[in-house]
Amino acid sequence: MSITIRAYKESDFEFLWATFASRVEWLASKGLEGQWGAEPWDAADKERIHTKTHKELSLGARSWIAQVDAEPAGYLHVTPFRAEYLPFSETEDKPGKEMFAKMLVVHRKFKGAGVGEFLLRFLKGLAVEEGADWLRLDCWRGPPGKDGLVKYYEGHGFVRAREFVVPAKYSEEQEWPGQLLETKVADLR
């Protein structure tokens, strides 16, 4: 098995959409509906994700596809800006040039194949190469005992920076508990 990475292209959107669908179904089966909902996403969701992805790419975001033996398996989206729902906090966030991983998702078909770890290594190398001070990402925090995503990132060298709540106007239905995580890029060298 060989994992490689390449730049995202427009024709990859259907893979990205299928990846989201596989994750929504799996999350709902595990009782984790709070992250992306309990129902399959519809055509309006598809259009919203497509529009948002392309808008961010036009503003300087970059995306990649991880492939397993040339088959798309995972997606990484990095932005030079934070999401609107997570403004910089003068009192809580450490200053410095940041790189922000906005989305890292692996299709369920490739569970356990090391695709997430591969994308995280690539991301960390990119942060070093580009001279960032901080590599940051945010994710769904979940209730106690269902915070596996936070623990996953902690297991890969990220530390909890601060908790936040995404207002309902950004999450389409209800407030969404989030966790900002970070790693100091100098420690990655």
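Me: Is Asp12 buried or exposed?

Reply: The classes rest on relative accessible area: buried is under 20%, exposed is over 50%, and partly exposed lies in between (1.4 Å probe, protein chains only). Asp12 has a value of 5% and is therefore buried. Please note that this is a predicted model, in which local features need pLDDT of at least 70 and side-chain atom pairs count only at pLDDT 80 or more, while totals for chains, interfaces and linings use all residues. Residues are numbered from 1 along each chain as its sequence is written, and side-chain values use heavy atoms, with hydrogens and water left out.

Me: Which side chain meets that of Asp12 in a salt bridge?

Reply: A salt bridge requires a side-chain nitrogen of Lys or Arg within 4 Å of a carboxyl oxygen of Asp or Glu. The partner of Asp12 is Arg6, with 2.7 Å from N to O.

Me: How many salt bridges does the structure hold?

Reply: There are 17 salt bridges. In one of them, Glu71 and Lys109 bring their closest N and O atoms to 2.6 Å. This pair links distant parts of the chain, 38 residues apart: Glu71 belongs to strand E3, and Lys109 to the loop between strand E4 (98–106) and H4. Helices (H or I, at least four residues) and strands (E, at least two) are DSSP runs, numbered from the N terminus. Lys109 is exposed because its relative accessible area is 56%, whereas Glu71, at 33%, counts as partly exposed.

Another salt bridge joins Glu154 to Arg160, again with the closest N and O atoms 2.6 Å apart. Glu154 is partly exposed at 30%, and Arg160 is partly exposed at 37%. Salt bridges also form a network, which links Arg82, Glu92, Asp93, Lys94, Glu98, Arg136, Arg162 and Glu182.

Me: How many aromatic pairs are there?

Reply: Rings of Phe, Tyr and Trp (its six-membered ring) pair if their centres lie within 6.5 Å; planes under 30 degrees apart are stacked, over 60 edge-to-face, and the rest tilted. The structure holds five such pairs. Tyr8 sits in the loop between strand E1 (3–7) and helix H1 (13–29), and Tyr75 in strand E3 (residues 71–79), so that the pair links distant parts of the chain, 67 residues apart. Both Tyr8 and Tyr75 are buried.

Me: Why is the pair of Trp64 and Phe122 edge-to-face?

Reply: The planes of Trp64 and Phe122 stand at 65°, with the centres 5.1 Å apart, so the pair receives that label. This pair also links distant parts of the chain, since Trp64 lies in strand E2 (residues 62–68) and Phe122 in helix H4 (residues 115–129), 58 residues apart. Trp64 counts as buried because its relative accessibility is 11%; Phe122, at 24%, counts as partly exposed. Elsewhere, Tyr152, Tyr153 and Phe158 make up one aromatic cluster.

Me: How many bridges join E2 to E3?

Reply: Strands pair if DSSP finds at least two bridges between them. E2 and E3 run antiparallel and share seven bridges; in this pairing, Arg62 has Val78 of E3 as its bridge partner. Two residues separate E2 from E3 in a hairpin, and Asp69 in the turn has a positive phi of about 50°. E3 also pairs with E4 in the antiparallel sense, over six bridges, and Gly74 has Val106 of E4 as its partner. Seven of the nine residues in E3 are buried.

Me: Which residues touch the most other members of the largest nonpolar core?

Reply: Such a core is a set of buried Ala, Val, Leu, Ile, Met, Phe, Trp, Tyr and Cys residues joined through side-chain atoms within 4.5 Å. Among the 28 residues of the largest core, they are Met99, Val115, Leu123 and Tyr153. At least two residues each come from E2, E3, E4, H4, strand E5 (134–140) and helix H5 (148–154). H4 gives the largest share, seven residues. A second, separate core of 11 residues includes Leu32, Ala83, Phe164 and Leu180.

Me: Where is Trp134 found?

Reply: Trp134 is in strand E5, and at 11% relative accessibility it counts as buried.
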